[in-house]
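Here is a short report on one protein chain. It starts with the overall build and then turns to charges, salt bridges and backbone angles.

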Amino acid sequence: MRKTFKYKLYNSKHNKHLHSQVDIAASIYNHCIALHRRYYRLYNKSLNYYTLKKHLTKLKKLQRYSCWNTLNSQAIQNIAERIDLGYKRFFDNLRSTSRRHVAPPSFRKRSKYRSITFTQTGYKLLEGNRIRIGKRVYKFHKSREVEGTIKTLTIKRDTLGDFYLYFSCVVEDSQTDRTMTGKIAGFDFGLKIFLTSSDGSEIQAPLFHKKGLRSIQKASRNLSSKKRGSNNRRKARQQLARVHKKVANQRNDYQFKLARHLATTYDYLFFEDLNLDGMKRLWGRKVSDLAFDSFLQKLHYMAAVQGSSVHHIDRWFPSSKLCPECGTINTDLNLRDRIWTCECGAVHHRDRTAANNILVEGASSTSLGDVRHLLADAIAA
């Protein structure tokens with residue numbers, strides 16, 4: 001399995017060289033985008049990836065592009081791969097019937113270009129917390145050892161100018177020694193209550209962006225009052241980025257801890273596949289603040305580590321409208337209706353009913369026999 005290890009580089013004078021490397025990568029990226037657009041205008045088809053790589057090799061021999069030689073050749077090839085993959089996704093989206101819009105790769109400012117990737121060459125891990133990148137040695141915060149076989153190293157800079165190392169490694173699948181709990185549950189996402197479980201528990205999600213909104217607004221006003229191009233504006237921009245980074249770190253920390261708790265508590269977890277793009281159009285910033293998709297990605301990872309299993313049911317399944325007693329679908333149910341009464345007389349709490357229906361639908365649709373056995377125990381409880 002693939003596993004990524006993230007470390008932060010110490011701030012040092014050598015980091016100026018990394019900034020110049022990322023800036024050179026940005027100029028190469030924009031040059032490739034210009035070549036792609038010019039080629040498409042002339043021949044009405046996309047530029048071949050291997051042809052582009054050969055062309056970049058020829059350009060590096062010219063005096064005009066001699067600075068490109070300071071960047072590792074495999075890092076340059078990776079830039080061409082990124083652009084080629086972006087155009088493939090764009091054309092595949094045009095041929096598909098999906099309503100999701102995928103934009104083609106476009107030009108980027110140097111200040112917004114973020115990373116360079118090395119594969120086999122260009123770096124070497126040294127003893128302790130040191131790494132050689134090119135001809136320079138850097139130190140990083142080594143919070144844990146790098147496991148497995150390193151396949152790629154990606155160096156990313158954030159909006160504050162800090163650098164992070166991402167080692168993508170191939171590690172052996174390890175068998176978890178966690179004792180299985182025999183618990184199974186369905187979960188319903190909500191805007192007021194983050195997660196409602198079929199066993200009756202509710203999980204509130206702190207809205208970190210909403211809590212930090214006053215600090216964000218203050219930093220934004222401070223930035224807008226500074227003169228463009230001034231040193232004070234640069235400092236104000238960094239302060240705004242620092243506030244946003246704090247909010248993102250708080251959300252990631254909470255979601256990782258919650259995902260680990262759920263993955264160790266339950267053996268099987270069932271969720272509804274949500275149309276997050278549509279939800280963002282309706283409720284906007286709050287959906288982004290809750291970050292359902294980001295949480296599910298972390299939960300899938302934690303479940304794989306802990307030996308539990310996460311499943312999804314179809315988004316069109318009427319989980320909130322279906323009466324579990326008689327099977328009637330309440331087509332008149334609105335979002336404002338938190339408690340509703342069925343024709344059979346059963347009274348249902350909207351979110352709890354949805355969680356129970358997600359559990360039953362998810363467990364009955366799986367081919368695993370032990371899941372159905374656990375479902376019978378959960379219903380009996």
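The chain's secondary structure comes to 11 helices and 14 strands. Helices (H or I, at least four residues) and strands (E, at least two) are DSSP runs, numbered from the N terminus. This is a predicted model: local features need pLDDT of at least 70, side-chain atom pairs count only at pLDDT 80 or more, and totals for chains, interfaces and linings use all residues. Residues are numbered from 1 along each chain as its sequence is written, and side-chain values use heavy atoms, with hydrogens and water left out.

**Overall build**

Taken along the principal axes, the C-alpha atoms fill a box of roughly 80 × 50 × 45 Å. Of the 381 residues of the chain, 41% count as buried. Buried means under 20% relative accessible area, exposed means over 50%, and partly exposed lies in between (1.4 Å probe, protein chains only). The chain exposes about 23000 Å², and carbon and sulfur atoms supply 49% of that area. Accessible areas come from the Shrake-Rupley method with a 1.4 Å probe; for residues, only the protein chains shown count as cover. Among contacts (heavy atoms within 4.5 Å) between residues at least 6 apart in sequence, 67% join residues at least 24 apart.

**Charges**

The chain has 71 positive and 31 negative side chains. The centres of the two sets lie 19 Å apart. Lys and Arg count as positive and Asp and Glu as negative; His and the chain ends are not counted. The place of a charge is taken as NZ of Lys, CZ of Arg, CG of Asp or CD of Glu.

K109, K112, R228, R234, K235 and R237 form a positive surface patch. Patches are made of residues with over 30% relative accessible area and no salt bridge: like charges are joined within 9 Å, nonpolar side chains (Val, Leu, Ile, Met, Phe, Trp, Tyr) within 5 Å. K112 sits in the loop between α3 (73-95) and β2 (115-118). K112 counts as exposed because its relative accessibility is 54%.

**Salt bridges**

The whole structure holds 12 salt bridges. A salt bridge is a side-chain nitrogen of Lys or Arg within 4 Å of a carboxyl oxygen of Asp or Glu. Three of them are listed here.

| Pair | Closest N and O atoms |
|---|---|
| D23 and R157 | 3.0 Å |
| D92 and R95 | 2.6 Å |
| D351 and R338 | 2.9 Å |

D23 forms a salt bridge with R157. D23 lies in helix α1 and R157 in strand β6 (residues 149-157), so the pair ties together parts that are 134 residues apart in sequence. D23 is partly exposed at 21% relative accessible area, while R157 is buried at 8%.

D92 and R95 both lie in helix α3, three residues apart, about one turn of the helix. D92 is partly exposed at 43%, and R95 is exposed at 63%.

D351 pairs with R338. D351 lies in helix α10 (residues 350-365) and R338 in the loop between β12 (309-313) and β13 (339-341), so the pair ties together parts that are 13 residues apart in sequence. D351 is buried at 9%, and R338 is partly exposed at 36%.

K8, D158, D162 and K245 are linked in a network of salt bridges.

**Backbone angles**

Most residues other than glycine have a negative phi. N44 has a positive phi near 60 degrees. N44 lies in the loop between α1 (15-43) and α2 (49-59) and is exposed at 57%. A291 has a positive phi of about 55 degrees. A291 lies in the loop between α8 (285-290) and α9 and is buried at 14%.
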